[in-house]
Amino acid sequence: MFLYCLVVAVFGAWAISYWTSSPADQVVLNPDAKPRVISPRGDLAADEKSTIDLFENSADSVVFITTSQQFLAAGTAKVSEMATGQGSGFVWDKEGHIVTNYHVIKPIVQGSGRAHITFADASSYVASVVGTSPENDLAVLQVKDFQGKEFTPIPIGTSADLRVGQKVFAIGNPFGFDHTLTTGIISGLGRSIEAEDGRQIDDLIQTDAAINPGNSGGPLLDSSGRLIGVNSAIYSPSGAYAGIGFAIPVDTVNAVVTELIRFGVIKRPYLGVRFAPPTINAQLGIQGAIVGEVIPGSPAEAAGIHPTVQDPQGGIILGDIIVAIDGKPIQNYGDVVNVLFDHKVGDVLDMKVIRGVRPGGTAEEVELQVKLTEST
């Protein structure tokens with residue numbers, strides 16, 4: 001019996017070896033093997049060259065922001081520093097001002113801490129907070145002790161003429177990865193999300209360019225490499241990128257950042273309206289800023305500005321269309337922002353609106369006076 005078992009075991013081992021080591025599976029080594037000859041690459045496509053140039057020309061303007069807080073180690077007098085957050089930002093001017101989202105630096109605004117700015121050349125500096133605008137999710141920092149470093153401000157574009165479908169490029173530091181470029185298109189305009197302080201941020205750009213944690217505060221660029229928005233948020237039930245991102249339009253950024261650099265806070269006068277997205281203007285062939293909502297208790301309500309409403313038959317009556325302020329023609333929402341930027345609290349605006357626009361209806365031109373108050 002023992003001999004029988006031994007024969008069976010040996011035969012079984014041989015059979016397994018035979019079937020698992022067939023000639024087709026045997027490895028043949030070749031000591032004379034050489035690396036393969038590299039096939040020449042053809043010339044890059046024009047759009048590839050354009051994208052590469054855009055990234056290389058913009059990278060020096062984009063920074064990585066980390067925030068930290070100091071604390072005493074338990075049971076000792078030793079001070080330690082702990083990272084509290086990270087995000088992206090970009091150089092605004094030659095004086096070293098850096099623009100980012102408010103929520104990126106919120107931990108150091110609400111407590112004690114520091115912001116560290118790391119540039120594309122790996123140089124790192126401590127920055128101070130110049131001013132914040134939680135209602136716009138924007139903040140301005142300034143690099144301290146930069147020892148003669150040359151800053152490269154990012155070129156500024158406009159968001160007033162953006163079109164759904166045009167290419168956009170996002171540069172940032174998602175998940176801490178250095179200077180990452182993602183591309184996509186503008187998926188929508190005039191979107192709204194809730195800001196850090198619970199208020200609603202209007203007129204946002206929607207894009208499918210990948211925006212992930214760490215991208216916040218980075219620039220959204222057009223195909224010319226101009227800033228058209230600041231990447232701010234994503235819409236995702238899981239918290240990861242799901243194809244829907246939002247950016248603050250550059251016309252808003254330009255006005256808010258200038259105000260923060262001047263005063264450290266927003267002192268811009270308040271009108272109290274929410275405008276219809278520019279896609280509505282394009283669909284209807286209308287020039288002017290179409291009033292979507294009028295905020296209760298606002299200067300706009302006090303002046304009698306009409307919002308967009310639904311008539312009893314279910315039709316839409318457009319709100320007042322602002323076509324001129326102080327004699328200056330208004331083409332879109334961005335023009336209204338620029339006009340407000342040139343005024344102060346207490347100023348009275350002479351406003352011309354077109355009222356009662358609806359299919360088959362007769363509109364009228366109305367002149368109003370609006371006294372501006374301070375934003376609350």
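Hi everyone, let's start with aspartate 347, which is buried, at a relative accessible area of 19%. The cut-off for buried is under 20%, so aspartate 347 counts as buried at 19%. Keep in mind that this is a predicted model.

What does aspartate 347 pair with? Its partner in a salt bridge is lysine 344, with 3.4 Å between the closest N and O atoms. Lysine 344 counts as exposed, at 55% relative accessibility.

Aspartate 222 bridges to arginine 226, and here the closest N and O atoms are 2.8 Å apart. Aspartate 222 is buried, with 6% relative accessible area, while arginine 226 is partly exposed at 31%.

Next come arginine 355 and aspartate 320, whose side chains form a salt bridge at 2.8 Å, N to O. This pair joins distant parts of the chain, 35 residues apart: arginine 355 belongs to strand β20 (residues 348-355), and aspartate 320 sits in the loop between β17 (316-317) and β18 (321-325). Both arginine 355 and aspartate 320 are buried.

Now for a pair of helices. How do α4 and α7 cross? The axes of α4 (residues 250-263) and α7 (residues 333-341) come within 9 Å and cross at roughly 15°. Angles under 35 degrees count as roughly parallel, and α4 and α7 are therefore roughly parallel to each other. Their crossing is left-handed. On the α4 side, the contact is made by Asp251, Thr252, Ala255, Thr258, Glu259 and Arg262; α7 brings Tyr333, Gly334, Val337 and Phe341. Sorted by class, that contact has four nonpolar, three polar and three charged residues.

Thanks, everyone!

Technical notes. Residues are numbered from 1 along each chain as its sequence is written. This is a predicted model: local features need pLDDT of at least 70, side-chain atom pairs count only at pLDDT 80 or more; totals for chains, interfaces and linings use all residues. Side-chain values use heavy atoms; hydrogens and water are left out. Axes are lines fitted to C-alpha atoms, for helices over the stretch in contact, and angles run from 0 to 180 degrees between N-to-C directions. Helices (H or I, at least four residues) and strands (E, at least two) are DSSP runs, numbered from the N terminus. Angles under 35 degrees count as roughly parallel, over 145 as roughly antiparallel, 65 to 115 as roughly perpendicular and the rest as oblique. A crossing is left-handed if the near helix is turned anticlockwise from the far one by less than a right angle, and right-handed if clockwise. Contact means heavy atoms within 4.5 Å. Ala, Val, Leu, Ile, Met, Phe, Trp, Tyr, Cys and Pro count as nonpolar, Asp, Glu, Lys and Arg as charged, and the others, Gly among them, as polar. A salt bridge is a side-chain nitrogen of Lys or Arg within 4 Å of a carboxyl oxygen of Asp or Glu. Buried means under 20% relative accessible area, exposed over 50%, partly exposed in between (1.4 Å probe, protein chains only).
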